[in-house]
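Welcome! Take a moment to look over the structure below, and then we can walk through a few of its details together.

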Amino acid sequence: YPLRFRPVSRHYVWGGTRIVSTFHRNAPPGIYAESWEISSRPDGMSVADNGAWAGHPLSEIIEALGPRLLGRRAPADRPSFPLLIKLIDSRERLSVQVHPNEAAAARYGGEAKTEMWYILDAAPNARVFAGLRPGADRRALEEALRRGDLESVLAAVPVAAGDAIFVPGGRVHAIDAGCLLLEVQQNSDTTYRIYDWGRVGHDGRPRQTHLAQALRVIRWNDADPVRCRPVPLPAAAPNVREELLACPFFRMERWRLRTPVTLLPDAGSFVSVFLAHGAVAASWAGGREVWRPGTTVLVPAALPRLDLSPVESEALLLLTRLGTDADSAAPPRS
């Protein structure tokens with residue numbers, strides 16, 4: 001059956017209150033920078049919140065169900081959820097950072113991390129930083145750091161609700177202030193902080209940076225696209241189905257749901273569904289739920305059929321699967 005989980009909150013200094021207020025979550029007042037929606041990491045383990053598995057950690061469910069839950073494309077040698085799906089509220093800008101890609105992680109250690117951001121809401125003139133400006137090399141970056149002006153070498157990308165940004169491993173990046181977004185990433189917590197805008201942490205001290213590690217893993221010849229370009233997919237009108245990104249690690253689709261549809265099984269992968277707005281009635285053999293905005297659901301690979309119907313007007317869903325074998329041999333479509 002479709003699994004829902006208790007959100008795992010992260011209270012970093014740059015966070016805000018929109019995750020709780022926008023999605024009407026029952027949570028005490030405070031700063032909510034991130035909400036880990038689906039995670040099997042020991043420091044942020046998801047616990048099921050519905051059905052027969054309620055109260056059980058995701059790691060235990062994976063151990064019991066294996067490919068019936070994750071699908072045959074999930075790495076068999078890693079008995080964990082291969083992605084980390086989270087909400088992020090940047091009341092202030094995040095640090096400038098970089099993550100290793102597969103090759104750099106194999107060479108220098110750490111966990112590889114490619115990610116993407118789907119902008120759910122954004123303040124006027126909001127932006128993100130994704131990559132370096134043309135011609136900016138290691139020397140330019142180091143000189144900008146010495147001047148305390150790293151922004152001068154970063155590529156600023158204006159964003160608005162509905163935009164999607166691709167951040168492959170090795171790309172220097174930062175989320176600027178004013179963004180509420182859904183992040184899908186490889187299951188990794190390796191982050192090399194380059195610059196933190198002169199900010200201090202909760203203890204009043206500057207947060208740690210990792211410049212030496214970052215310089216080793218930055219892709220100076222980074223040429224992958226930044227903005228994800230929606231590609232239309234077959235759908236029964238008036239519904240609209242688009243592929244936002246396909247890379248070796250995951251794929252994301254956007255569904256604008258106006259009439260009922262059936263989500264058929266994919267034995268190769270689970271499907272993560274995030275309801276961005278609207279309401280959806282979901283039904284399957286033996287169960288039915290109504291999902292509201294901000295609901296994140298893990299649909300097992302072995303679920304035979306899931307029927308989805310908008311409750312009132314249009315509903316917007318973001319669906320994430322593991323990448324296919326074909327994705328591994330092709331460049332990202334974004």
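## A helix and its neighbours

In this predicted model, the buried residues of helix α2 pack against β2 (34-38), α3 (67-70) and β19 (296-299). Which residues of α2 are buried? Within this helix, which spans residues 58-65, they are Leu58, Ile61, Ile62 and Leu65. Looking down the axis of α2, you would find these buried residues within an arc of 100 degrees, so they line one face of the helix. In general, an α-helix has 3.6 residues a turn, so residues three or four places apart point the same way.

Just after α2 comes Gly66, with a positive phi of about 55 degrees.

## A buried glutamate

Now let's turn to Glu115, which is found in strand β5 (residues 115-122). Glu115 is buried, because its relative accessible area is 2% and under 20% counts as buried. Its side chain makes polar contacts with the side chains of His99, at 3.1 Å, and Trp117, at 2.7 Å.

## Rings and charges

The structure holds 5 aromatic pairs. In one of them, the ring centres of Tyr12 and Trp14 are 5.6 Å apart and the planes lie at 35 degrees, so the pair is tilted. Tyr12 is partly exposed at 30% relative accessibility, whereas Trp14 is buried at 4%.

Phe129, Tyr195 and Trp197 form one aromatic cluster. The charged end of Arg93 sits over the ring of Trp197, 3.9 Å from its centre. Elsewhere, Arg10 lies over the face of Trp36, 4.2 Å from the ring centre.

How values were computed
Residues are numbered from 1 along each chain as its sequence is written. This is a predicted model: local features need pLDDT of at least 70, side-chain atom pairs count only at pLDDT 80 or more; totals for chains, interfaces and linings use all residues. Side-chain values use heavy atoms; hydrogens and water are left out. Buried means under 20% relative accessible area, exposed over 50%, partly exposed in between (1.4 Å probe, protein chains only). Helices (H or I, at least four residues) and strands (E, at least two) are DSSP runs, numbered from the N terminus. The arc is that of the directions from the helix axis to the C-beta atoms. Contact means heavy atoms within 4.5 Å. A polar contact is a pair of N or O atoms within 3.5 Å; within protein, one must be able to donate a hydrogen and the other to accept it, and residues adjacent in sequence count only if both atoms are side-chain atoms. Rings of Phe, Tyr and Trp (its six-membered ring) pair if their centres lie within 6.5 Å; planes under 30 degrees apart count as stacked, over 60 as edge-to-face and the rest as tilted. A charge sits over a ring if NZ of Lys or CZ of Arg is within 6 Å of the ring centre and within 35 degrees of the ring normal.
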